[in-house]
Amino acid sequence: MFLFAIAAATLTASCYSSDYNRTVTANVALLSDMSDKLLDYCRRDFRLDGRPISSEEMGEFYYSFNKASAFSSSTPREVSRESHRDLIKMLNAYERFVHAADAYRLGGKQDPAMLASLTSQHDQVRLLAGKVIEDLRNEKR
């Protein structure tokens, strides 16, 4: 019976870890895709089919952040993992990018220097996304 309990605990832990890996991967993919979409909006002066992007449409970027952030907050056992620490860094970079892009949208005027800064922020999100995925691979070893 004792061996059964140990086997069950090990299986549960591996399922939890597997679920963590899948969910982190999904969140990283979501934020990476949303970051790409937001950079496209920035480059198009927040116009889609000739009309301006609305505040309501910007909500999808904030929702994606809130979803991923809620997940990261619900994984206290994982805080010591490199992937979790880098996920937090990615979340912070993504949040800064979204807020800066939204401020740029609300400013209503083109600014090449600001666009360059936003592009750099996007690139940082993508770099951190790659780091999180690399971390997950390394943690499996």
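Buried means under 20% relative accessible area, exposed over 50%, and partly exposed in between, with a 1.4 Å probe and protein chains only. The model on display is predicted; local features need pLDDT of at least 70, side-chain atom pairs count only at pLDDT 80 or more, and totals for chains, interfaces and linings use all residues. Residues are numbered from 1 along each chain as its sequence is written, and side-chain values use heavy atoms, with hydrogens and water left out.

**Whole chain.** Begin with the protein chain in cartoon view. The chain holds four helices and two strands, in the order α-β-β-α-α-α from the N terminus. Here helices (H or I, at least four residues) and strands (E, at least two) are DSSP runs, numbered from the N terminus. Of its 141 residues, 35% count as buried.

**Confidence.** Next, colour by pLDDT, the predictor's confidence in each residue, from 0 to 100. The mean for the protein chain is 88, and 87% of its residues reach 70 or more. Now select residues 2–16, where the pLDDT is below 50; beyond near neighbours in sequence, this stretch has four contacts in the model. A contact means heavy atoms within 4.5 Å. Where pLDDT is low, the predicted coordinates should not be read in detail.

**Loop between helix 1 and strand 1.** Move to Asp45, in the loop between helix 1 (2–43) and strand 1 (47–48). Its phi is near 55°, a positive value in a residue other than glycine. Phe46 is found in that loop too, and the phi of Phe46 is likewise near 55°. Most residues other than glycine have a negative phi. As for accessibility, Asp45 counts as partly exposed at 32%, whereas Phe46 is buried, with a relative accessible area of 4%.

**Helices 3 and 4.** Select residues 82–107 (helix 3) and 112–140 (helix 4), whose axes come within 9 Å and cross at roughly 160°. Axes are lines fitted to C-alpha atoms, for helices over the stretch in contact, and angles run from 0 to 180 degrees between N-to-C directions. The two helices are therefore roughly antiparallel to each other, a term for angles over 145 degrees.

**Val125.** End at Val125, in helix 4. Is this residue buried or exposed? Val125 is buried, with a relative accessible area of 0%. Not counting residues up to four places away in sequence, Val125 touches Ser35, Met90, Ala93, Tyr94 and Phe97. Finally, display Leu91: Val125 and Leu91 are 34 residues apart in sequence and 8.1 Å apart in space, C-alpha to C-alpha.

Conventions. Parallel < 35°, antiparallel > 145°, perpendicular 65-115°, else oblique.
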